[in-house]
Amino acid sequence: MGLTMLAPGSSPEQRGRLALQWRQVSWITCWIALYAVEALPTCPFSCKCDSRSLEVDCSGLGLTAVPPDVPAATRTLLLLNNKLSALPSWAFTNLSSLQRLDLSNNFLDQLPHSIFGDLTNLTELQLRNNSIRTLDRDLLRHSPLLRHLDLSINGLAQLPPGLFDGLLALRSLSLRSNRLQNLDRLTFEPLANLQLLQVGDNPWECDCNLRDFKHWMEWFSYRGGRLDQLACTLPKELRGKDMRMVPMEMFNYCSQLEDENSSAGLDIPGPPCTKASPEPAKPKPGAEPEPEPSTACPQKQRHRPASVRRAMGTVIIAGVVCGIVCIMMVVAAAYGCIYASLMAKYHRELKKRQPLMGDPEGEHEDQKQISSVA
């Protein structure tokens with residue numbers, strides 16, 4: 001077209017008409033280009049985007065906030081190895097297509113309860129190596145398709161009841177390297193399809209508070225679930241031992257304590273004193289009045305629950321004492337037998353030596369006996 005416009009011999013009318021057409025085509029091309037730019041999703045600054053897998057990789061950029069221009073069609077968002085310390089509740093708004101979210105190796109210490117409210121298609125959540133100390137029970141309520149959850153290397157001391165309610169699709173859960181001392185069985189019962197549970201490197205206290213979770217672990221292993229070692233930290237006698245290998249007889253005292261507590265809870269509180277309090281005696285004239293006795297009923301002291309450490313200590317001390325007593329009895333019996341054998345041997349040697357010793361009195365008595373017989 002440009003050659004036609006510049007061809008010699010063309011009339012001015014043809015040149016003007018061709019110039020007008022060229023302008024129209026240029027404007028249309030510009031509008032199409034602008035529309036295409038607006039239609040295509042933009043990639044956040046410094047992040048790497050893959051249009052085929054719909055992945056946005058913003059890892060290792062030193063970010064202190066989530067980029068606000070993440071495309072709504074993103075399926076994988078990688079934010080690991082950054083400097084995120086706090087996240088607003090609207091950080092992942094309108095990312096309903098997101099399936100995988102990685103927030104590992106950051107400085108997060110608390111998560112708003114509604115931060116994952118729009119992530120209804122989330123299947124994998126990585127929160128490894130942060131500083132999270134507490135979790136809200138409604139944190140994962142809107143992510144029923146979640147399959148993999150990693151909460152390892154944080155500061156969790158307990159899990160709120162109901163945290164895993166509704167997560168029927170969860171397959172793997174990692175709670176390694178936290179500050180967990182015990183877990184509630186009811187928290188894990190909704191996880192009917194759980195296949196892998198990691199709970200190692202926690203300061204577990206293997207006492208009555210962990211007994212019910214031990215029952216759940218046995219049931220979990222029986223149905224084919226994989227569980228790493230739950231090593232006891234307390235009591236000292238069980239330190240380093242796997243909780244699954246601790247015999248249930250160690251927790252027999254827990255049932256007794258529960259029975260005592262339940263029976264104490266059924267007692268109906270009565271009046272301060274059911275017996276009629278006697279009338280105070282009138283003071284004698286000239287004598288100092290005696291202090292009136294207290295009419296309040298004495299309260300019964302509750303039985304202080306014994307710990308596994310004390311129970312094991314009592315068993316060990318009793319065993320040592322019994323062992324010492326048994327050893328002393330064996331030594332005494334052996335000494336008595338040796339003494340008796342030595343005395344018997346001594347008497348036998350003494351009888352053998354008596355005829356060789358010239359005892360005149362003995363010979364005289366023998367002669368008397370012979371004469372009497374004669």
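Seven helices and 11 strands make up the secondary structure of the protein chain, which is described here from a predicted model. Of its 374 residues, 28% count as buried, and the chain exposes about 26100 Å², of which carbon and sulfur atoms supply 58%. Where contacts join residues at least 6 apart in sequence, 52% of them link residues at least 24 apart.

**Disulfides**

A disulfide is a covalent bond between the sulfur atoms of two cysteines. A search of the whole structure finds three such links, and they are set out below with their S to S distances and torsions.

| Pair | S to S distance | Torsion about the S-S bond |
|---|---|---|
| Cys-43 and Cys-49 | 1.9 Å | about 85° |
| Cys-47 and Cys-58 | 2.0 Å | about 115° |
| Cys-206 and Cys-232 | 1.8 Å | -100° |

The torsion of about 85° makes the disulfide of Cys-43 and Cys-49 right-handed; its partners are partly exposed, Cys-43 at 33% relative accessibility and Cys-49 at 40%.

The link of Cys-47 and Cys-58 is right-handed as well, with a torsion of about 115°. Because Cys-47 lies in the loop between α2 (12–39) and β1 (48–50), while Cys-58 lies in the loop between β2 (55–57) and β3 (76–78), this pair ties together parts that are 11 residues apart in sequence. Cys-47 counts as buried at 11% relative accessibility, and Cys-58 is buried at 0%.

With -100° about its S-S bond, the link of Cys-206 and Cys-232 is left-handed. Cys-206 sits in the loop between β9 (204–205) and α4 (211–222) and Cys-232 in strand β11 (residues 232–234), so the pair connects parts that are 26 residues apart in sequence. Cys-206 is buried, with a relative accessible area of 0%, and Cys-232 is buried too, at 3%.

**Cysteines without a bond**

The cysteine sulfur closest to that of Cys-322 belongs to Cys-326 and is 6.4 Å away, which is too far for a bond, since a disulfide requires sulfur atoms within 2.5 Å. Cys-322 is partly exposed at 48% relative accessibility. Cys-326 is likewise in no disulfide, and it is partly exposed, with a relative accessible area of 45%.

**The surroundings of Ser-152**

Ser-152 is located in the loop between β6 (148–150) and β7 (172–174), and at a relative accessible area of 5% this residue is buried. Leaving aside residues up to four places away in sequence, Ser-152 touches a set of residues including Leu-127, Arg-128, Asn-129 and Ser-174. Although Ser-152 and Ser-174 are 22 residues apart along the chain, their C-alpha atoms are separated by 5.7 Å. The side chain of Ser-152 also makes a polar contact, at 2.7 Å, with the side chain of Asp-150.

Notes
Residues are numbered from 1 along each chain as its sequence is written. This is a predicted model: local features need pLDDT of at least 70, side-chain atom pairs count only at pLDDT 80 or more; totals for chains, interfaces and linings use all residues. Side-chain values use heavy atoms; hydrogens and water are left out. Helices (H or I, at least four residues) and strands (E, at least two) are DSSP runs, numbered from the N terminus. Buried means under 20% relative accessible area, exposed over 50%, partly exposed in between (1.4 Å probe, protein chains only). Contact means heavy atoms within 4.5 Å. Accessible areas come from the Shrake-Rupley method with a 1.4 Å probe; for residues, only the protein chains shown count as cover. A polar contact is a pair of N or O atoms within 3.5 Å; within protein, one must be able to donate a hydrogen and the other to accept it, and residues adjacent in sequence count only if both atoms are side-chain atoms.
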